[in-house]
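Hi there,

Here is the structure I promised to hand over. Have a look at it first, and then read on for what turned up.

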Amino acid sequence: MTLVAPASVATVQKRTILTLVATQAVGAMGITIGIATASLLARDLSGSESMAGLSQTTQVLGAAVAAYVLGRVMDARGRRFGLVAGYLLGAAGGLLAVLAGVVGSMTLLLVGAVLLGATTAANNGARYAATDLAPARSRARALSVVVWATTFGAVIGPNLTGVAEIFSDSVGIPVLTGPFAIGSMAMLAAALVVGVFLRPDPLLVARESAPVTEKAKGTSWRRAIAVIRERPALEAAVVGQAAAHATMVAVMVMTPLHMEHGGAGLEVIGLVISGHVLGMFAFAPVAGWLADRVGRADVMALGGGVLLVSLVLCAAAPEGSSGRIFVGLFLLGLGWSLATIAAATSVADHTPLEVRADVQGTADLIMGVAAAAAGAVSGVVVDLAGYPALALGTILLVTVLFGAAYVARRSA
């Protein structure tokens, strides 16, 4: 096999980053525009507040399964094929969510949510694609630039709630389904961008530039888990990433309901979610720079500290709109950003090239299952004990993150 010259690899990496930045900006708008209304739509269709978080929880679970499936696809066909598949599945899920609102079917909403999760999985896969050709000394920064690009679409998305209301009225669909319709259009646009411009494929170029001596036959869950368990730093990164994501999802999915109980309108709720998303993505380059300069494990621990402060603020926030819920949700996003960027980079650092996409997909599957479980429990906790109890109880997940950071630091 002909090796790719270093200069050519650098050129491909630049093109890859530019393409992924554009894709993330568009795709993120598609997936986040429905955050502020998903729990409200689920509550209305199910008739139960304890089921309000089920739609987003199912979406997180769908993202987990899709991450593993897309990881296998990428391992066999490359990043481009897997990313396009993820965005197309997400677009189909958004349309099913609209249909669910029209016919009043909770079942259809959950099926749509599962498919919507494929877009989240594709977004996560895109951050790993940024590291395929990046030098180790700047790997976290490459990953963080792609995460940062999500800011544009992710912040705009929740603030389009008012536009979605007008759109839904104009086409005759329920008001809470308008965001999903607009989101589907954005996901289709993301599929088009990555399908046309992510050439050559960064993972395939990486394999061409550094051919492996022994290519594993096919892909399997057992092999991916074995690779993770053999490497303590990798295992710690997988656990830390899962704990941080579960913390964020558990609190975030129930915040719109907590605010609505106090009389907050959709526009205010959308503004709070936008602040949360801003924290998740806008400061990603800082998180990447820190992870490259001071170490992955230390930045994971820093993220845990920020998450701890956010949970205390959320627990103290009254129903409705308040400064504490604004700041708490922003810090929830910022802590998630610090912890997951450091953890995801560590996953890329310690995964062998021959099973890279497969192990990364497995790591995201574990992350998604943990978050789905946390999201499922969150609705029950809020129904029985209230939102403050949920925020304080979630501190247990932060202690897991601290433990993972400690193990990662010792294994470095």
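The count of salt bridges comes to 13, a salt bridge being a side-chain nitrogen of Lys or Arg within 4 Å of a carboxyl oxygen of Asp or Glu. Before the details, please keep in mind that this is a predicted model, in which local features need pLDDT of at least 70 and side-chain atom pairs count only at pLDDT 80 or more, while totals for chains, interfaces and linings use all residues. Residues are numbered from 1 along each chain as its sequence is written, and side-chain values use heavy atoms, with hydrogens and water left out.

One of these salt bridges joins R207 and D75, with N and O 2.9 Å apart. It links distant parts of the chain, since R207 sits in helix α9 and D75 in helix α3, 132 residues apart. Helices here are DSSP runs (H or I, at least four residues; strands would be E, at least two), numbered from the N terminus. Both R207 and D75 are buried, where buried means under 20% relative accessible area, exposed over 50%, and partly exposed in between (1.4 Å probe, protein chains only).

Another pair is D132 with R79, whose closest N and O atoms are 2.8 Å apart. Here D132 comes from the loop between α5 (106-129) and α6 (139-159), and R79 from helix α4 (residues 79-103), so the chain is bridged across 53 residues. D132 counts as buried because its relative accessible area is 7%, and R79 is buried too, at 1%.

R296 is buried at 14% relative accessibility, whereas D349, at 26%, is partly exposed. Both belong to a network of salt bridges that links R139, R141, D292, R296 and D349.

Now for a charged residue without a partner: what does D201 do instead of forming a salt bridge? D201 lies in the loop between α8 (178-197) and α9 (202-209). D201 is buried, and the nearest side chain of opposite charge, R80, is 5.3 Å away; for charges, Lys and Arg count as positive and Asp and Glu as negative, with His and the chain ends not counted. The side chain of D201 does reach the backbone nitrogen of R79, at 2.7 Å. Leaving out residues up to four places away in sequence, D201 touches G78, R79 and R80, with contact meaning heavy atoms within 4.5 Å.

P200 is found in the loop between α8 and α9, and the peptide bond from R199 to P200 is cis, with omega near -5°. For context, most peptide bonds are trans. P202 is placed in helix α9 and counts as buried because its relative accessibility is 0%. With residues up to four places away in sequence not counted, P202 touches T16, R79, A129, D132 and L133. P202 and S39 are 163 residues apart in sequence and 37 Å apart in space, C-alpha to C-alpha.

T177 is found in the loop between α7 (161-171) and α8. Is T177 buried or exposed? At 0% relative accessibility, T177 counts as buried. Its contacts, again without residues up to four places away in sequence, are L41, A97, V98 and G101. The C-alpha atoms of T177 and A38 are separated by 8.6 Å, although the two residues are 139 places apart along the chain.

Finally, the surface. L61, V65, V69 and V369 form a nonpolar patch there, with about 300 Å² of accessible area together. Patches are made of residues with over 30% relative accessible area and no salt bridge, with like charges joined within 9 Å and nonpolar side chains (Val, Leu, Ile, Met, Phe, Trp, Tyr) within 5 Å; the accessible areas come from the Shrake-Rupley method with a 1.4 Å probe, and for residues only the protein chains shown count as cover. Helix α3 (residues 54-77) gives the most to this patch, with 3 residues. L61 is in helix α3, and at 40% relative accessibility L61 counts as partly exposed.

Best wishes

Conventions
A polar contact is a pair of N or O atoms within 3.5 Å; within protein, one must be able to donate a hydrogen and the other to accept it, and residues adjacent in sequence count only if both atoms are side-chain atoms.
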